[in-house]
Amino acid sequence: MRKALTDQERQLVLEVFRLRYWQHRMNEDLKKKKFKIPIHVAIGHEALAAAVSRVMLKEDQLVLTHRNMAYNLARAGTLEEVYAEYQLSPAGAAGGKLGSMNLADRKRGVVYSSSVLGNNIPVACGLALAKQVKRDPGFVIVLTGDGAMEEGPFYEGLVFSKTIRLRMLILVENNDMSMSSTISQRRCDIDVQALCGSVGIPFRALRGNDPFEYLSALRAVRSLALEQETPVCMEAQLGSINQHAGPTPGWPTDPKNISLERGLVVEETDRDPLFVLKQRIGEELFEEFSNQVLSESGSMVS
Amino acid sequence: MATYIVALNQLIVSRLAQIPNMVLYGENINNGSHIVGMTRNLKAENGTRIINVGNCETTHVGVGFGLLLNGVSCILFAKQLDFMLLGLEHFVNTYNFIRAHREAGSLGSFTICVIVCDQGFQGPQSSFNGLGDICSLARVPGYTATNLKEAEQILRTQMGKPGFRFFALSQRLFQTEILDLELVHAAEDSSLFQYSEGSDASIVCFNFSLPAGHLLRAKLEERGIECSLFSAHQVFPPNWERIKSSVLKTRRLVVLDDSKSANLLAHTLLSEVVREIPSVQTIVLTRGSDVEFGVCPDQLQVDADSVIQQLESGIAVERQVR
């Protein structure tokens, strides 16, 4: 018999459900071509995004990539402000000034988002150095990916952050995809753990899209970074179960095949955090959460 | 009078002593030659931290913008302008992100103090001198240090100011005695300086050509041709009203620019002046299209006699018309 969820666990599960539901809604409008700007849906990133948002304290800062939708939604706790930003409205999370790929919501700790692969790691190093010189508490989390880590600044950032003893987490989202190319289609394998080990940076792997495990691992990493004044690197295996950004020739999945009418789960594999949750919490509870989220208007109740 | 590099180093050190809680960083910033003397005697006082860093210029530039985003003021010292090409992406993209939504007052200050290797004989890969190219691509301000008073004002008004800018030194001038010219006018934003007022010709110098422009003015004055001498910097949008007022009076514009770029701010000035002021005699002294890419003396050649001849004939024609 499954153990009942605690209140905190329920909140985390609800967050993952909401992130999926809101992204479905964005995807439906993307299909209807309601946006002028390129939008990168991040269906499949919800467990990690919810866990990252949960682990952040007020003093922490988050630095994102162009595929930042799930993280910005998690930090905002509402669909409206992110949606309004995508409509370039003054009511948007950044006043309609930053759009999608560069959306940063400073009041919620999202300081910088970059549409240029590898660009955000040096900036994150600067943010963490600023914390160090000002003796500000907290740490900096910077998202990157299996494509961005091919860029020189990834390696430079490892060396720089370790040398200066910066309190930061370099979090690699490995979705085995850069535009339309898988890793094997474009490069040799990179052993991130060995690479980090070569410069003395602690490394942790994340697998399976379980938000509870992710949150626990991230809390441990946050403590490690703060106590040992060190950068830490994590690599999360996940899937981006949608197109690159709207219709993209050659992209293996088409958002037209992803439909809210088919329910919240998109893929019945462990690439889909909603499917993982369904296995973990059971059909009955899954239906309960689904019904709750589907009945909400778009704002986070909690 | 001190040499150019000694004077510039002293100006930088004394200006930095007035700004607390800075991060000063760069390769060899506190080792060896201290970047050819540029960073000698920097002090880690008043909360200022000096960080000697490894060879990763892209990261250095991104770090500066991260510090700026979190309200910290910093200076990146760099040995060669061409190294900054590795940071070009941040000048354009990262700073655009910042400028798109943040008020300048909420930011720290980020200045790059960089040496331009324009001394000649540097070889094909170390002689990039087009500060204006980087500034133009990113629409960021860039100031060249050509003389004492101008450098002092630029450092006083720009270093420590919220936002980003370049401050560039010319290695060709390092061992020369620093110019100390009497200022007639200095724009508040340090975009334009004027050193003399004359009624016969207006000389405008870009990049590091002011010493050459100063010599040219002296030779012209020996021939009785009185000149207004200007030094213009890469500030966008430029305000050239003072230059245009001068040209309206002199009807003669001599433009000097020693940058090897094919895209010069000097050309923008010329087109504006020609469009707005009819019948202006213009003399353009730039590197031209035959820039050598190999090892060479690599300098702007100013043929003063030719300029004198052109101006004198222009003046003679004007007197005949009168």
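**Tyr4(B) counts as buried, because its relative accessibility is 1%.** Buried means under 20% relative accessible area, exposed over 50% and partly exposed in between, using a 1.4 Å probe and protein chains only. The model is predicted, so local features need pLDDT of at least 70 and side-chain atom pairs pLDDT 80 or more, while totals for chains, interfaces and linings use all residues. Residues are numbered from 1 along each chain as its sequence is written, chains are lettered from A and ligands numbered from 1 in the order in which they are written, and side-chain values use heavy atoms, leaving out hydrogens and water.

**Tyr4(B) has an aromatic partner, Phe174(B).** Rings of Phe, Tyr and Trp (its six-membered ring) pair if their centres lie within 6.5 Å; planes under 30 degrees apart are stacked, over 60 edge-to-face, and the rest tilted. Over all chains, the structure holds 15 aromatic pairs. Tyr4(B) and Phe174(B) form a tilted one, with 5.9 Å between centres and 35° between planes. The pair links distant parts of the chain, 170 residues apart. Tyr4(B) belongs to helix α1 (residues 4-16) of chain B, and Phe174(B) to the loop between β6 (163-170) and β7 (185-186). Helices (H or I, at least four residues) and strands (E, at least two) are DSSP runs, numbered from the N terminus. Phe174(B) is buried as well, with a relative accessible area of 3%.

Phe91(B) comes from helix α3 (residues 88-101) of chain B and Phe166(B) from strand β6, so the pair ties together parts 75 residues apart in sequence. Are these two residues buried or exposed? Both Phe91(B) and Phe166(B) are buried. Ring pairs extend the picture into a cluster, linking Phe65(B), Phe91(B), Tyr95(B), Phe110(B), Phe164(B) and Phe166(B).

**Chain B touches chain A.** Contact means heavy atoms within 4.5 Å. By that rule, 24 residues of chain B meet 27 residues of chain A. The area buried between the chains is about 2100 Å², and carbon and sulfur atoms give 69% of it. Which residues of chain B lose the most area to chain A? They are Thr59(B), Asn70(B) and Phe97(B), together 27% of what that side buries. Buried area is the accessible area (1.4 Å probe) that two parts lose on being put together, summed over both.

**Helix α10 (residues 273-281) of chain A is mostly covered.** Seven of its nine residues are buried. They are Pro273(A), Leu274(A), Phe275(A), Val276(A), Leu277(A), Lys278(A) and Ile281(A). The buried residues of α10(A) pack against α1 (7-31), α2 (46-55), α9 (211-228) and α11 (283-295) of chain A. Lys278(A) also puts its charged end over the ring of Phe286(A), 5.1 Å from the ring centre. Such a placement requires NZ of Lys or CZ of Arg within 6 Å of the ring centre and within 35 degrees of the ring normal.

**Helix α3 (residues 69-76) of chain A is largely enclosed by the rest of the structure.** Eight of its eight residues are buried. Among them are Met69(A), Tyr71(A), Asn72(A) and Arg75(A). Gly77(A) follows α3(A), with a positive phi near 70°.

**Phe203(A) lies in strand β5 (residues 203-206) of chain A.** Phe203(A) counts as buried, at 12% relative accessibility. What does Phe203(A) contact, leaving aside neighbours within four places in sequence? Its contacts are Val192(A), Gln193(A), Cys196(A), Cys233(A), Met234(A) and Glu235(A). Ser178(A) is 25 residues away along the chain, and its C-alpha atom is separated from that of Phe203(A) by 23 Å.

Chain A has eleven helices and six strands. Chain B has nine helices and twelve strands. Buried residues make up 61% of the 302 residues in chain A and 57% of the 322 residues in chain B. The C-alpha atoms of chain A fill a box of roughly 50 × 45 × 40 Å along the principal axes. For chain B, the C-alpha trace spans about 65 × 40 × 35 Å.
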